[in-house]
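Me: I would like to learn how to read a few features from a set of coordinates. Could we take them one at a time, with the general idea before the case?

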Amino acid sequence: MKLSQFKFRLPEELIALDPPRHRDECRLMILHRKSQTIDMFKTDENGEPLKDDEGNPLYLDFRSVLDFFVEGDTFVFNDTKVFPARLYGTKEKTDAKIEVFLLRELNEDMRLWDVLVEPARKIRIGNKLFFDDSGTMVAEVIDNTTSRGRTLRFLYDCPHDEFKKELFALGEAPLPHYIVDHRPATPEDMEDFQCLFAKNEGAVTAPATGLHFSREMLKRMEIKGINFAYLTLHCALGNFHDIEVEDLTKHKMDSEQMFISKECCDLVNSTKAAGHQVCVVGTSVAKATETAMGTDRLLKEYEGWTNKFIFPPYEFGIGDTMLANFYHPLSTLLMETCAFGGYELVMEAYEKAVENGYKFGCYGDAMLILND
């Protein structure tokens, strides 16, 4: 398929800049893959739309997800944990303000980090950056990796755990630029931009679909007998990069580190064998499970990296249902959603979402794609 086929008009006011008051309060749109139908509104037992006191139809909310799953079904979650990756420092001598975005630690002993810097043109090998008023957190640029990429060596002599604690204390939630270009990140964002089940640190952006799950909803799922399987894919920034080729087969994704345990595989595979639903929660989980699928179409243990790029046409082998957010035009996340739900049906749903004021992005609304 072509890049231009994933273009649509997204009014700026539909980009969610803040999370909902409660995690599970967002709107939900339901897509039925086989019948090619779309549901947006709550209905009574006769299928008639429910209305509010003013006669307006009531939209489905995220809690309605549970109506479509039964005991024995399994949800697969990404338990990666976001760290406060965005820091602001000053360049020595000039005091120019520099944004430093931590990507990953390269060497614990040498305090080496792979980072992005902005504005990159001002940052050269040998420059020093200062991150606090006391001057104790200092980094030296020791290599250029890409046009914006640099390798920093932090000049901070203390135990590693103390260093990371001090470094992260200077950072903020790594919200996407489509949010921070309109408002600053707050301390509350570090909690809001983190899934409740986050466990394994390493992500520089949240697996956003998992953000919708509240403690109350997870408890209701547990009571209903729904299983939870966990894998780890450390979400990187590749999904936010512009695609520069019209022919999608020529686009190369950045690699992301992932881990899938035997416990996760056993639960997912036994669920499939029993004829129950496997729901992949978000595009990161869908990518991870497809990366680790064997030729027998079962999930295999995995420890390594993936740069899998999923776009239509593509036949999924692990998940038969999927939860996703509403993503930006021309994004790899939209393409993967279209691969799962079908291009025509998903793009029709996006058109309805814009018409009905659904919110887009990591703090936005959700979509459930069912295999019925």
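Reply: Contact means heavy atoms within 4.5 Å. Helices (H or I, at least four residues) and strands (E, at least two) are DSSP runs, numbered from the N terminus. The model is predicted, with local features requiring pLDDT of at least 70 and side-chain atom pairs pLDDT 80 or more, while totals for chains, interfaces and linings use all residues. Residues are numbered from 1 along each chain as its sequence is written, and side-chain values use heavy atoms, with hydrogens and water left out.

Me: At what angle do the axes of helix 6 and helix 7 cross?

Reply: Axes are lines fitted to C-alpha atoms, for helices over the stretch in contact, and angles run from 0 to 180 degrees between N-to-C directions. The axes of helix 6 (residues 283–291) and helix 7 (residues 332–341) cross at roughly 65° and come within 10 Å. The crossing is left-handed, a term for a near helix turned anticlockwise from the far one by less than a right angle, with clockwise giving right-handed.

Me: How many residues of helix 6 are buried?

Reply: Buried means under 20% relative accessible area, exposed over 50%, and partly exposed in between (1.4 Å probe, protein chains only). Eight of the nine residues of helix 6 are buried, among them Val285, Lys287 and Glu290.

Me: How should I read a sheet, and in what order do the nine strands of the open sheet lie?

Reply: Strands of a sheet pair through backbone hydrogen bonds, either parallel or antiparallel. Two strands are counted as paired if DSSP finds at least two bridges between them. The order in the open sheet is 2-1-17-16-14-3-12-13-15, with mixed pairing. Strand 2 (37–39) and strand 15 (302–306) are the edges; each has a single partner strand, so one side of each lacks a neighbour in the sheet. From one strand to the next, the twist averages 20°.

Me: Which strands pair with strand 3 in the parallel sense?

Reply: Strand 3 (residues 74–78) runs parallel to strand 14 (residues 278–281), joined by three bridges, and pairs with strand 12 in the parallel sense over five bridges. Phe75 has Cys279 of strand 14 as its bridge partner, and Asn78 has Leu231 of strand 12.

Me: Which way do the side chains of strand 3 point?

Reply: In a regular strand the side chains alternate between the two faces of the sheet. Thr74, Val76 and Asn78 point one way from strand 3, Phe75 and Phe77 the other way, and all are buried. With five of its five residues buried, strand 3 is therefore largely enclosed by the rest of the structure.

Me: Which strands does helix 7 lie across?

Reply: Helix 7 lies across strand 14, strand 16 (321–325) and strand 17 (366–370), running at about 30° to strand 17.

Me: What about the closed barrel: how many strands does it have?

Reply: The barrel has six strands in the order 5-6-7-10-9-8, with antiparallel pairing. Its twist averages 45° from one strand to the next. Strand 6 (residues 97–107) and strand 7 (residues 112–118) are joined by seven bridges and run antiparallel; Arg104 stands opposite Asp114 in strand 7. Helix 1 (residues 160–169) lies across strand 5 (86–91), strand 6, strand 7 and strand 10 (149–154), at about 150° to strand 6.

Me: Last, aromatic rings. How many aromatic pairs are there?

Reply: A pair of aromatic rings is described by the distance of the centres and the angle of the planes. Rings of Phe, Tyr and Trp (its six-membered ring) pair if their centres lie within 6.5 Å; planes under 30 degrees apart count as stacked, over 60 as edge-to-face and the rest as tilted. By this rule the count is 29. Phe41 and Tyr59 form a tilted pair, 4.9 Å centre to centre with 40° between the planes. Phe41 is partly exposed at 27% relative accessibility, and Tyr59 is partly exposed at 24%.
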